[in-house]
Amino acid sequence: MPEPTLTTAARPRGPVSTDARVWRTVPRWPAGRWQRPRRAAGRRTVVVSVAVLVTVALYAAVVPLFTDVDPRVVDLDGYLRPPSGEHLLGTDLLGRDLFVRCAQALRVSLLLAALAAVVSTVVGVVVGTVAAAVGGRVDKVVMRLVDATNALPHLLLGVVIASLWRGQWWAIVVSIGLTHWTQVARIVRSEILSVRTREHVAVSIVSGASRVQVWSTHLLPAVVPQALIAVVLLLPHAVWHESALSFLGVGLPPNDPSLGTLLEDARSAILAGGWWLLVFPAGLLTATCLAIAGIGGRLRDAAMPKRAVEAQVTG
Amino acid sequence: MTVTTEAPAPTHHRWRAAGRLVRTRLLIALPVTAAVSMATFWLASISPFNPLVAYLGTRYERTSVAERDALAGELGLNDSWIAIWGRWARDVVLHWDWGQSRSLARPVSEVLADRLPYTLMLAGTGLVLAVVLSLVLGVRAARYPGGPTDRIATGLGYALQGIPPFVVALVVIGVFALGLGMPVGGASDGGADPTWGSIARHIVLPASVLALSQLPWLLLNVRSSVLAALTEDHVTAARGRGLKDRTVVWRHALPGALLPFVTVIGARLPELVTGALLVETVFSWPGLASATVEAAVSGDFPLLAAVTVLTCLAVLIGSMLADALYLFVDPRVDDA
């Protein structure tokens with residue numbers, strides 16, 4: 001069944017159309033240039049992504065440490081001030097400093113997203129490994145479970161879980177983790193199945209290696225890079241998901257802002273003309289997501305060029 | 001799925017194959033839906049969520065402990081979660097009784113009937129818009145790879161994947177509502193009863209944002225499958241016969257290239273729900289998705305459970321229909 005793919009790996013070789021207008025767009029030399037599958041993430045993308053991510057992470061880590069402005073203090077006299085020397089990014093509807101609040105929100109969002117990505121990956125690796133190791137009926141049931149989970153609207157399930165445990169950070173992590181393990185499980189399972197048929201594994205079995213030895217020296221190590229890449233690929237999606245839950249009002253309490261909480265504030269603020277309350281949190285969220293996705297895409301292409309299509313963590 | 005190169009099977013075979021597919025998929029969809037509803041009830045039973053507080057609302061503080069116990073016994077809240085689920089499922093299946101929505105103070109079934117048309121309207125318009133846009137842009141991008149349309153379309157596609165729809169929605173509100181004075185909230189102005197005209201004006205922005213949130217996947221899919229189709233033998237043959245470029249693309253390459261598109265749309269349905277949840281909330285669209293969010297925020301469990309279960313069922317059936325449709329549009333596929 002064809003899945004929606006995000007890569008352009010299917011770009012065909014050779015001229016696509018004999019239409020004259022196309023030929024004009026095709027550089028004759030160097031001949032291979034436009035025929036090579038154009039990657040989602042080239043080298044320049046990676047450099048920019050890393051730079052953006054480092055800046056953002058430093059901002060989130062450092063700013064709350066070196067500030068004497070309490071972001072929770074309400075200052076009703078200085079509400080909705082545009083960016084100025086005193087408040088670098090302006091103030092919100094309750095007069096709280098947006099520069100500090102953004103840094104804290106970013107911290108919360110990144111931490112929760114990282115936890116959620118790790119949880120999803122751990123669940124996925126365990127499930128995928130069990131499916132591949134046991135095989136047979138268990139494998140079938142697990143793969144059906146993967147299909148079923150994929151077919152369900154994730155955000156809706158997240159809303160249900162997060163609303164039942166209102167304001168609990170771990171509920172957000174669990175709700176993301178429980179819905180995003182499927183792709184990892186699928187990749188891990190197929191990786192183990194394919195490594196198991198390779199010659200070096202056959203040789204080690206023939207030379208008397210026990211089952212435990214085969215698994216610990218050949219099969220499980222093969223999964224590790226996949227798992228690490230999966231964490232990075234899941235990360236932007238987790239940031240996205242967490243901010244969506246907070247935005248809908250079932251996330252963290254307003255005193256511990258995440259980027260979603262700030263954007264929820266922005267919803268009423270932009271109607272009052274407070275564009276900075278939308279632009280800065282939204283910009284941070286977008287920049288972070290795109291930067292991590294850029295790095296993740298490059299990692300994936302580098303680690304498994306043939307799997308570029310399969311390994312897409314979507315949905 | 002087997003792809004054969006022989007003569008296409010007669011139509012009644014396709015109907016039979018589609019029937020088989022529907023049967024097997026329903027055999028999966030119904031248990032999955034039941035499992036989702038059970039999981040929802042189980043989670044509610046182990047969570048700190050207190051149904052009595054939701055039932056009594058502000059009166060909860062004023063009722064004594066004995067009264068609370070009595071009421072809980074009367075409502076059957078002391079039973080195990082599976083018993084509560086059993087009663088709920090029986091009421092739903094036999095009487096179409098989804099319980100009482102606390103936050104809206106109406107039966108859930110009424111809320112569903114009221115709000116569903118709005119969600120269908122929004123999701124339908126958004127999906128049609130996304131499909132049309134992705135077809136126009138995707139085909140053009142594939143015809144002139146590396147050209148300006150291609151670069152803009154793929155760039156847009158990759159960028160939109162990383163931007164959450166509610167951010168797009170907020171930006172759209174900032175630009176079009178504040179700058180151009182387009183309506184942003186609800187389906188009518190100032191609490192008036194919605195008319196077709198007011199709905200048409202109010203649906204523009206939410207439907208566009210919903211379309212944008214689905215665009216990247218559809219667009220990139222169209223682009224890559226049309227690119228692949230343009231290299232196929234029968235397309236080269238059509239060119240060799242001297243047909244016009246337009247005819248070659250639209251009549252020879254496109255039909256084959258777009259077959260998988262049907263299933264892609266089916267597979268995107270869960271994401272359409274996600275988009276609807278966010279877009280309806282931002283634009284206060286009076287649909288089911290915004291009701292879900294309100295239900296979640298105000299602890300309205302009956303409504304939340306109903307919407308969750310129905311949405312899961314709708315998504316599973318939708319993707320089943322998409323796959324069944326595939327049997328009819330692609331004559332090469334004889335089973336699925």
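Colleague: Where in chain B is the place of B:Trp96?

Modeller: In this predicted model, B:Trp96 lies in the loop of chain B that runs between α4 (81–95) and β1 (100–101). Although B:Trp96 is not a glycine, its phi is positive, at about 55°.

Colleague: Why is B:Ser284 called partly exposed?

Modeller: The relative accessibility of B:Ser284 is 41%, and the partly exposed class lies between the buried limit of under 20% and the exposed limit of over 50%, so B:Ser284 counts as partly exposed. B:Ser284 sits in the loop between α12 (269–282) and α13 (288–297) of chain B, and this residue, which is not a glycine, has a positive phi of about 45°.

Colleague: Why does A:Phe66 count as exposed?

Modeller: Exposed requires over 50% relative accessible area, and A:Phe66 has 70% relative accessibility, so A:Phe66 counts as exposed. The residue is found in chain A, in the loop between α2 (43–62) and α3 (98–134).

Colleague: Which residues make the nonpolar surface patch of about 590 Å²?

Modeller: The patch is made by A:Val50, A:Val54, A:Leu58, A:Val62, A:Leu65 and A:Phe66. To belong to a patch, a residue needs over 30% relative accessible area, and A:Phe66, at 70%, therefore passes that cut-off.

Colleague: What is the area that chain B and chain A bury between them?

Modeller: The two chains bury about 5400 Å² between them, with 74% of that area on carbon and sulfur atoms. On the side of chain B, B:Tyr158, B:Phe166 and B:Leu170 lose the most area to chain A, and together they make up 11% of what that side buries. An interface is often described in this way, its size being given as the accessible area lost when the parts come together.

Colleague: How many residues of chain B are in contact with chain A?

Modeller: Taking contact as heavy atoms within 4.5 Å, 69 residues of chain B touch 57 residues of chain A.

Colleague: How many salt bridges does the rule find across the interface of chain B and chain A?

Modeller: The rule asks for a side-chain nitrogen of Lys or Arg within 4 Å of a carboxyl oxygen of Asp or Glu, and across this interface it finds zero salt bridges. Polar contacts between chain B and chain A number three residue pairs, with both residues at pLDDT 80 or more. Helix α14 (residues 301–329) of chain B gives the most to the side of chain B that touches chain A, contributing nine residues.

Note on methods: Residues are numbered from 1 along each chain as its sequence is written. Chains are lettered from A and ligands numbered from 1 in the order in which they are written. Side-chain values use heavy atoms; hydrogens and water are left out. Patches are made of residues with over 30% relative accessible area and no salt bridge: like charges are joined within 9 Å, nonpolar side chains (Val, Leu, Ile, Met, Phe, Trp, Tyr) within 5 Å. Accessible areas come from the Shrake-Rupley method with a 1.4 Å probe; for residues, only the protein chains shown count as cover. Helices (H or I, at least four residues) and strands (E, at least two) are DSSP runs, numbered from the N terminus. Buried means under 20% relative accessible area, exposed over 50%, partly exposed in between (1.4 Å probe, protein chains only). Buried area is the accessible area (1.4 Å probe) that two parts lose on being put together, summed over both. A polar contact is a pair of N or O atoms within 3.5 Å; within protein, one must be able to donate a hydrogen and the other to accept it, and residues adjacent in sequence count only if both atoms are side-chain atoms.
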